[in-house]
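The sequence and the structure come next.

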Amino acid sequence: MGGIEESERPLKRVKVPSGGSNSLSANLSLTEPREPASGFSLRDSMAWSPSSQGDRDAIGSKGIIKRPEFIKIITRALYSLGYSRSGDLLQKESGISLHSTVVDLFRQQVVDGKWDESVDTLHRIGLSDEYIVKSASFMILEQKFLELLKKEKIKDALYTLRNEIVPLSINVSRVHELAAYIIFPSSGAVSGPSSQDAAGSKSQSAILEKLQKLFPAAIMIPEKRLEQLVEQALDVQRDACAYHNTLDSELSLYSDHHCGTNHIPSQTLQVLQAHCDEVWFLQFSHNGKYLASSSKDRSAIIWEVKDDGEVSLKHKLTGHQREVSIVSWSPDDQQLLTCGVEESIRRWDVNSGECLHIYEKAGVGLISCGWFPGGKGVFSGMTDKSICLWDLDGRELECWKGQRTLKISDIAITDDGKRIITMCRENAILLLDREAKCERLIRENQMITSFSLSKDNKFLLVNLLNQEIHLWRLGGDPDVVSRYRGHKRTRFLIRSCFGGLEQAFIASGSEDSKVYVWHRDTPEPLFALPGHSGAVNCVSWSPTDPHMLASGSDDYTIRIWGLDQVKLKNRDNQRNGINHHSKGKT
């Protein structure tokens, strides 16, 4: 595994000096009721008539759900889904109408475009808030005005404006706009925001939607209210899931949601064996379709991730004269950068495997690489401690000289291209603002060995000599928000990464041949995954598949980790629709 002299700071294979959630409320359960043990079946209970149930106003185990509201919301959902006959039948069988007779009349009049009649009916609904009545009247009369104007009934439109709209004494600025339509009809009567499809059913339906949002929910049941309640219940379950790592498309209404640690990749699915020396760096492409690896064997490899999750070799990239320390994907994943240790950067075409350009500088070695946002340029840390930015053809665009980077250094740039992040001292990270021409430092008490920037550019994961990983928040005054420990690092450069759904997890290599996984909120590891036979130098979590993790090791191999399907299947088979959990434990 190669060492270095005591005076040198390590590259990858270099020795570094040794140094010292909440339970889900039961009332949000989406489970089915149990059948009574008395022999009275659920089918029988569903066949009860409303009168046989008495006059109970509350349902549910807590007795906090009002039965009339529940029935109305279900009825509203049936109509929204297009099941009108079922909605009618439910109203008839339950004896609970979705709306009062006067509200139904009002809605029909609006849909039919009977504006005068609908205003009259509006006053019979019994709304206590005068402002709502005036606002609803304004909406209706505005539509009436625009229709008259479109039919070129100018006098009638003017009468409506003066004698019906103005006396409401609200929305004065809009009244002025309507008056302007009379003077300059072409300026707004047709193109104005409220006049589109003025005489058509689309416009009338749009007015009804606006009125529905204005009215109290008890008067006019909101559209898709049941869907909103179900989504809220799923949100609560998802937020209460301490180890949530499941895509929304996989959530189900049939049982309470709870991931547990079974939904974190912990099982070796593949072992990739194509490098002939230590694997130093891994990175998935942004679209998750490729994985790139670099090695002490002076090569890099592009691996292709198939739709079924199988990973296969696509191209082996050779040409570097030194070990390849790092790789970086272009924003569109069509090109890849590889950096040889204190040597040069090569830019490759992903489809063909062809080397498109070599970036180098006379008398200076390149030690890191990255893409400028949009893929318009390439930047690198240099052995003279400067940072350089080139265009794709190799012309130098900018160069920041001085103590900007170290001989061994990670480098990153934010998505907006405004801030460059690099290790400038053994215990400090430089935040270089290109636009403001200012610099800030993140200082640690220990030597920094590597770092990783989060996808949202708001957090920095910093690996330290003392076998700790610190999570820094970059906004405002940067500060440490979490510390992770448990992995082993005494001599070599070990890398960590963000991963999982919404990057809620942390993974790291370790010198004890294991892969360590933490939740971002807990300092102790969830897993220490065995399998490698040498130090694990690097990890990368797929940005599109929260269940795929890759690790590279001194044993020359790359392991692809996924879900333990046996445990997952057993867990699903044991589930009975209800989970009582706390902090991910069932």
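Helix axes are here lines fitted to C-alpha atoms over the stretch in contact, and the angle between two axes runs from 0 to 180 degrees between N-to-C directions. The model under discussion is a predicted one.

With that convention, helix α6 (residues 130-150) and helix α7 (residues 154-165) pack at an angle of about 165 degrees, their axes lying 8 Å apart. Since angles over 145 degrees count as roughly antiparallel, α6 and α7 are therefore roughly antiparallel to each other. The crossing of these two helices, α6 and α7, is left-handed. On the α6 side the contact is formed by Phe138, Leu141, Glu142, Lys144, Phe145, Leu148 and Leu149, which meet Ile154, Asp156, Ala157, Thr160, Leu161, Glu164 and Ile165 of α7. Sorted by class, the residues of the contact between α6 and α7 comprise nine nonpolar, one polar and four charged.

Helix α7 also packs against helix α8 (residues 172-183), at an angle of about 160 degrees and with the axes 10 Å apart. That angle makes α7 roughly antiparallel to α8, and α7 passes α8 in a left-handed crossing. Here Ile154, Leu158, Leu161 and Ile165 in α7 meet Val175, Leu178, Ala179 and Ile182 in α8. By class, this contact of α7 with α8 has eight nonpolar residues, with no polar and no charged ones.

The packing values for the two pairs are set out below.

| Helix pair | Angle | Axis separation |
|---|---|---|
| α6 and α7 | about 165 degrees | 8 Å |
| α7 and α8 | about 160 degrees | 10 Å |

Turning to the cysteines, how many disulfides does the count come to? The count comes to zero disulfides, where a disulfide would be a pair of cysteine sulfur atoms within 2.5 Å. Cys497 is in no disulfide, and the nearest cysteine sulfur, which belongs to Cys538, is 9.6 Å away. Is Cys497 buried or exposed? Because buried means under 20% relative accessible area, Cys497 counts as buried at 8% relative accessibility. Cys355, in turn, has a relative accessible area of 25% and is therefore partly exposed.

At 5% relative accessibility, Ser203 counts as buried. Ser203 and Val111 are 92 residues apart in sequence, while their C-alpha atoms are 9.0 Å apart in space.

Methods:
Residues numbered from 1 in each chain as written. Predicted model: local features only at pLDDT ≥ 70, side-chain atom pairs only at ≥ 80, totals over all residues. Heavy atoms only, no water. Helix = DSSP H or I, 4+ residues; strand = E, 2+ residues; numbered from the N terminus. Parallel < 35°, antiparallel > 145°, perpendicular 65-115°, else oblique. Left-handed = near helix turned anticlockwise from the far one by under 90°. Contact = heavy atoms within 4.5 Å. Nonpolar A, V, L, I, M, F, W, Y, C, P; charged D, E, K, R; others polar. Buried < 20%, exposed > 50% of the residue type's maximum accessible area, 1.4 Å probe, protein only.
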